[in-house]
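Please look through the sequence and the model shown here before reading on. The paragraphs that follow lead from charged pairs to aromatic rings and end with a helix.

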Amino acid sequence: MTKQLQAIRGMNDILPAEAALWQRLETTVREVLAAYDYQEIRLPLVEKTELFARSIGAVTDIVEKEMYTFADRNGDSLTLRPEGTAGCVRACLEHGLLHHQTRRLWYAGPMFRYERPQKGRYRQFHQVGAEAYGMAGPDIDAELICLSARLWRRLGLSAVSLQLNTLGSSAARAAYREQLVSYFTARLNELDEDSRRRLQTNPLRILDSKNPTMQAVIAEAPALLDQLDPESLAHFEELKALLDSAGIAYQINPRLVRGLDYYCQTVFEWVTDTLGAQGAICAGGRYDGLIEELGGSATGGIGFAMGLERLVAMLAAAGQPSAELAPHAYLITVGAAAQRRGLALAEQWRDLWPELRLRLNCGGGGFKAQFRRADHSGARFALILGEEEAGSGTVAIKPLREAQAEQITLPQDQASAWLRSAALAKTP
Ligand code: HAM
């Protein structure tokens, strides 16, 4: 027997049964982004490797060990995007979208990281990201956080909380880095192997370690919040005041440092404890230096990205209906004349009511078999077209989900209007 091929580890198929939930999530995300006047930008999945090294940072986990990098036929080094911020800034600069103007943009799609797959952590995963440019103050930080909070409300997700921190200006961060290096160097024997390596490359990330044996030495480390420059402090204080006045609760987490190097000032993460180890559903922050770093003029930037697999898992666990995209009706046709008439009628009904979700029986079968399929499809109504109905210009309609409801017969040209009002009425 020929060996069956399987998907790449950590890269998932999203099957039709799950797709309804994805669609619902995507529709709600789009509506909420539109409510804040964010505009969509569509970006390539592949970029020059250099873009990610220069933005995310050459000594981050993502760039050091998680990128899908390959040489194309020209020998150029290309990479499957591990995130969207870098490509978004690249596109804005390339097309002059940031000249003396503000922008609010969003994108969606797959991202690729060669991580160790586990529940909630995949090698191909999907993000929706939002990015805002040209606004330096904390007002846009607060608005972005309000946007994400609105999304959770719209989705009915309540088990989420907001963690907030500031990394200060790049100067404050550099001075803090020095301090951390001397602190951790003095306690080198308490560091695990990973942290010793990070001490040379990215000492702030030691604070992010989940290793239980590291927690004591981390807890006593100097905190960046205690040595912020006055402007960063004022920015952070105003952000907190704005969130307070918008009624958004948050926890200050001085250990929240983020795994990408481009951040400064505000950083935040929405977390949940309902998903196990991979609890971050949405994360982001300010990256005021990145646009200059990638060749633009000094422009403020802030954004976030949410992980759709994690949000879908939360929605599924919350038992939210995924059957909402079941067809309104299933059209049963028995006999050659009814079959011919059925195809034409189905087309007419879809013309009359474009939102109608109608499944036409294909593949033959008698009444019994077709009723079974109608039932399986989840449709609320069976439309029945036998020889008799085909001859008399009628169609029978049988409610499939209401125990007491009677079958009725209608003229064919009235069926779609009847279905429309019945389908829009509340489900029993
Ligand atoms: P990030 O924290 O690397 O940030 O990813 C954002 C979100 O993507 C995470 O909170 C998580 O929900 C999801 N995510 C990340 N990696 C995986 C994975 N392997 N499997 C499943 N979900 C994952 C960024 O990507 C930044 N670009 C966010 C940003 C935008 N900052 C400013 N603008």
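**Charged pairs, aromatic rings and a helix**

At 41% relative accessibility, E31 counts as partly exposed, a class that lies between buried (under 20% relative accessible area) and exposed (over 50%), with a 1.4 Å probe and protein chains only. This is a predicted model, in which local features need pLDDT of at least 70 and side-chain atom pairs count only at pLDDT 80 or more, whereas totals for chains, interfaces and linings use all residues. Residues are numbered from 1 along each chain as its sequence is written, and side-chain values use heavy atoms, with hydrogens and water left out.

E31 forms a salt bridge with R154, their closest N and O atoms being 2.5 Å apart; the term denotes a side-chain nitrogen of Lys or Arg within 4 Å of a carboxyl oxygen of Asp or Glu. Because E31 lies in helix 1 (residues 16–35) and R154 in helix 5, the pair ties together parts that are 123 residues apart in sequence; helices (H or I, at least four residues) and strands (E, at least two) are DSSP runs, numbered from the N terminus. R154 is itself partly exposed, with a relative accessible area of 42%. A search of the whole structure finds 25 salt bridges.

The side chains of D61 and R197 meet in a salt bridge (4.0 Å, N to O), linking helix 3 (residues 61–66), which holds D61, to helix 7 (residues 193–201), which holds R197, across 136 residues. R197 is partly exposed, with a relative accessible area of 30%. D61 also forms a salt bridge with R205, where the closest N and O atoms are 3.7 Å apart; since R205 lies in the loop between helix 7 and helix 8 (215–219), this pair ties together parts that are 144 residues apart in sequence. Both D61 and R205 are buried. Salt bridges that share partners join D61, E64, K65, D194, R197, R198, R205, D208 and K210 into one network.

The structure holds eight aromatic pairs, where rings of Phe, Tyr and Trp (its six-membered ring) pair if their centres lie within 6.5 Å, and planes under 30 degrees apart count as stacked, over 60 as edge-to-face and the rest as tilted. Y68 and Y114 form an edge-to-face pair, 5.8 Å centre to centre with 75° between the planes, and it links Y68 in strand 3 (residues 68–71) with Y114 in the loop between strand 5 (103–112) and strand 6 (124–133), 46 residues apart. Y114 is partly exposed, with a relative accessible area of 43%. W152 and W270 also form an edge-to-face pair, with 5.8 Å between centres and 75° between planes; this pair links W152 in helix 5 (residues 138–155) to W270 in strand 9 (residues 264–271), 118 residues apart. Both W152 and W270 are buried. Elsewhere, Y133, Y262, Y263 and Y287 form one aromatic cluster.

Finally, in helix 15 (residues 415–424), A415, S416, L419, A422 and A423 are buried. These residues cover an arc of only 130° around the axis, which puts them on the same side of helix 15; the arc is that of the directions from the helix axis to the C-beta atoms. On the other side of helix 15, A417 and L424 are exposed.
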